[in-house]
Amino acid sequence: MLDRFYPALLLLGSNLFMTFAWYGHLRYKSAPLALAILASWGIALFEYCLMVPANRFGSAMYSAPQLKGMQEVITLLVFAGFSTWYLGQPLKWNHWAGFGLIVMAAWLIFRD
């Protein structure tokens, strides 16, 4: 049972790091761009330390398209929380609708 959820947990952790790497600097727009890039690279290293094992372990149970679909849904959930609580930019109905369509696409990927 843990084998089924372990990749998802690793993907969740990696997406937390990657969301901060990609969007965390938006809260500090006065910081020099070079510093934002270096900080983002440093954060992304930890993302890779979780993403690579998630895909390696996950490939024993899931196909590559299924892993990617799972990753996209996790990314959207992490980003929704991050955008609202960290950046103070809550999502609107059209964002949720678009995300819902992506979730439906991921569901289709898992259908046999």
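Helices (H or I, at least four residues) and strands (E, at least two) are DSSP runs, numbered from the N terminus. Read along the sequence, the protein chain then gives the pattern α-α-α-α. It holds 4 helices and 0 strands.

This is a predicted model: local features need pLDDT of at least 70, side-chain atom pairs count only at pLDDT 80 or more, and totals for chains, interfaces and linings use all residues. Residues are numbered from 1 along each chain as its sequence is written, and side-chain values use heavy atoms, with hydrogens and water left out.

**Whole chain**

Select the protein chain. Its C-alpha trace spans about 50 × 35 × 20 Å along the principal axes. Show the surface next. The chain exposes about 7,700 Å², by the Shrake-Rupley method with a 1.4 Å probe; for residues, only the protein chains shown count as cover. Carbon and sulfur atoms supply 72% of that area.

Colour by burial. Buried means under 20% relative accessible area, exposed over 50%, and partly exposed in between (1.4 Å probe, protein chains only). Of the 112 residues in the protein chain, 33% are buried.

Now turn to contacts, meaning heavy atoms within 4.5 Å. Take those in the protein chain with a separation of 6 or more: 73% of them join residues 24 or more positions apart.

**Stop 1: helix α1**

Select residues 2–23, helix α1, and pick out Met18. Met18 has 15% relative accessibility, so it counts as buried. Which residues does Met18 touch, not counting residues up to four places away in sequence? They are Ala44 and Glu47. Draw the C-alpha to C-alpha line from Met18 to Ala44: it runs 5.7 Å, across 26 residues of sequence.

Move to Leu16, also placed in helix α1. Leu16 is partly exposed, because its relative accessible area is 44%. With Leu16 they form a nonpolar patch on the surface, about 540 Å² of accessible area together. Patches are made of residues with over 30% relative accessible area and no salt bridge; like charges are joined within 9 Å, nonpolar side chains (Val, Leu, Ile, Met, Phe, Trp, Tyr) within 5 Å. A salt bridge is a side-chain nitrogen of Lys or Arg within 4 Å of a carboxyl oxygen of Asp or Glu.

**Stop 2: the rings**

Show the aromatic side chains. Rings of Phe, Tyr and Trp (its six-membered ring) pair if their centres lie within 6.5 Å; planes under 30 degrees apart count as stacked, over 60 as edge-to-face and the rest as tilted. A search of the whole structure finds 9 aromatic pairs. One of them is Trp22 with Tyr23, edge-to-face, at 6.2 Å centre to centre and 75° between the planes. Trp22 is exposed, because its relative accessibility is 52%. Tyr23 is partly exposed at 29% relative accessible area.

Phe82 and Tyr86 make a stacked pair, with 4.8 Å between centres and 25° between the planes. Phe82 is at 6% relative accessibility, so it counts as buried.

What sits over the ring of Tyr86? The charged end of Arg27 does, 4.2 Å from the ring centre. The test is NZ of Lys or CZ of Arg within 6 Å of the ring centre and within 35 degrees of the ring normal.

**Stop 3: helix α4**

Finish on residues 93–110, helix α4, where Gly100 lies. Gly100 is partly exposed, at 31% relative accessibility. Last, select Pro65: Gly100 and Pro65 are 35 residues apart in sequence and 18 Å apart in space, C-alpha to C-alpha.
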